[in-house]
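Me: I have a model open and would like to go through its packing. Can we start with the terms and then take the helices?

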Amino acid sequence: MSENGADGHPVDEHPKEKQRGPVVLRRDRRDELTTTDQRLLDSRGHSDWVHTDPWRVLRIQAEFVEGFGALAEVPSAVTVFGSARTGRDHPEYETGRELGRALAEAGFACITGGGPGAMEAVNRGCSEAGGFSVGLGIELPFEQGLNPWVDLGVNFRYFFVRKTMFIKYSQAFICLPGGFGTLDELFEALTLVQTKKVTKFPVVLFGREYWQGLYDWVKSSVLDGGKVGEKDVELLYLTDDVDDAVRIVREAHQAWADAH
């Protein structure tokens with residue numbers, strides 16, 4: 001004799017169900033008064049559906065498609081991160097401008113987050129030198145927008161889609177002095193390279209005075225504590241020289257090209 005469940009039906013009895021495409025609804029979950037087609041075609045209903053998770057999946061998919069389509073023909077590129085708070089009268093702004101110019105002259109497109117500050121400086125230097133200046137913006141609670149020196153811009157809703165574009169279309173990362181956003185991108189890139197999720201490419205910390213403390217902490221605490229290996233620390237390059245940064249990028253890209 002079969003054991004009865006909490007609803008009084010035998011536990012081995014196939015429960016009544018309703019199919020919503022690939023989704024199966026059973027028990028009380030199947031009590032829907034309308035069908036998916038009916039809700040789609042009914043213009044009188046609420047607009048809450050545009051904020052549901054299934055709709056978000058389509059929006060995420062659309063962002064990937066738009067990003068891949070827009071960036072597929074971008075030439076060899078370097079992503080440069082840096083603070084949006086760097087003023088135009090700050091020495092770091094001029095450094096970013098010089099870096100963007102040097103990368104363009106070396107044949108690389110420059111990709112930034114498309115915002116103001118250090119990002120604008122790099123895009124500006126690249127554009128002024130006749131290079132391909134790319135900005136990948138992000139929707140934020142406060143107004144920002146793409147800086148005027150972006151030649152090709154894509155705005156994203158989702159950080160993780162934008163991060164994929166930075167990684168997929170770059171041959172190297174260069175980090176100018178920056179805040180949490182720069183740190184986030186820095187350590188994500190290191191993690192992906194360390195775990196071989198992406199082809200090894202250099203991660204350059206530009207500005208010894210700014211980055212030296214972080215680099216020393218990684219060596220003295222993280223490495224000495226056995227949390228990473230010596231080769232992991234070697235993934236980071238520190239420099240104060242624009243030509244040196246471009247050399248590192250160029251040599252790494254040449255090594256990649258020779259291997260392929």
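Reply: Buried means under 20% relative accessible area, exposed over 50%, and partly exposed in between, with a 1.4 Å probe and protein chains only. Helices (H or I, at least four residues) and strands (E, at least two) are DSSP runs numbered from the N terminus. This is a predicted model, where local features need pLDDT of at least 70, side-chain atom pairs count only at pLDDT 80 or more, and totals for chains, interfaces and linings use all residues. Residues are numbered from 1 along each chain as its sequence is written, and side-chain values use heavy atoms, with hydrogens and water left out.

Me: Fine. Why is α4 described as largely enclosed by the rest of the structure?

Reply: Because 9 of the 11 residues of helix α4 (residues 118–128) are buried. They are A118, M119, E120, A121, V122, N123, R124, G125 and C126.

Me: What do the buried residues of α4 pack against?

Reply: They pack against β3 (77–81), α3 (91–105), β4 (109–112) and β5 (133–138). Contact here means heavy atoms within 4.5 Å.

Me: At what angle do α3 and α4 pack?

Reply: About 40 degrees, with their axes 6 Å apart. That makes α3 oblique to α4. Axes are lines fitted to C-alpha atoms, for helices over the stretch in contact, and angles run from 0 to 180 degrees between N-to-C directions. Angles under 35 degrees count as roughly parallel, over 145 as roughly antiparallel, 65 to 115 as roughly perpendicular and the rest as oblique.

Me: Left-handed or right-handed crossing for α3 and α4?

Reply: Right-handed. A crossing is right-handed if the near helix is turned clockwise from the far one by less than a right angle, and left-handed if anticlockwise.

Me: Which residues of α3 and α4 meet?

Reply: Y93, G96, R97, G100, R101 and A104 of α3 meet E120, A121, V122, R124, G125, C126 and E128 of α4. By class, the contact of α3 with α4 has 5 nonpolar, 3 polar and 5 charged residues. Ala, Val, Leu, Ile, Met, Phe, Trp, Tyr, Cys and Pro count as nonpolar, Asp, Glu, Lys and Arg as charged, and the others, Gly among them, as polar.

Me: Next pair. What is the angle between α2 and α5?

Reply: Helix α2 (residues 53–71) and helix α5 (residues 159–168) pack at about 25 degrees, their axes 10 Å apart. That makes α2 roughly parallel to α5. The α2 side of the contact is I60, E63, F64, G67, F68 and L71, and the α5 side is F160, V161, T164, M165 and K168. These divide into 7 nonpolar, 2 polar and 2 charged residues.

Me: And how do α5 and α6 cross?

Reply: At roughly 60 degrees, with axes that come within 11 Å. The two are therefore oblique to each other. K163, F166 and I167 of α5 make the contact with D184, E185, E188, A189 and L192 of α6. That contact has 4 nonpolar, no polar and 4 charged residues.

Me: Changing topic. How many residues are in the largest nonpolar core?

Reply: 37, and those with the most contacts inside it are L71, L136, F173 and L186. Its largest share, 5 residues, comes from helix α7 (residues 208–223). A nonpolar core is a set of buried Ala, Val, Leu, Ile, Met, Phe, Trp, Tyr and Cys residues joined through side-chain atoms within 4.5 Å.

Me: What is L186 in contact with?

Reply: C175, V203, L205, W211, L214 and L236, leaving aside neighbours within four places in sequence. Apart from this core lies another, of 21 residues, with L103, A104, A118 and A172 among them.

Me: Backbone now. What is phi of K196?

Reply: Near 60 degrees, a positive value in a residue other than glycine. Most residues other than glycine have a negative phi. K196 lies in the loop between α6 (180–194) and β8 (203–206).

Me: Is K196 buried or exposed?

Reply: Exposed, because its relative accessibility is 70%.

Me: Last one. What does H253 touch?

Reply: S76, F108 and Q171, not counting residues up to four places away in sequence. H253 is in helix α9 (residues 242–259), and at 19% relative accessibility H253 counts as buried.
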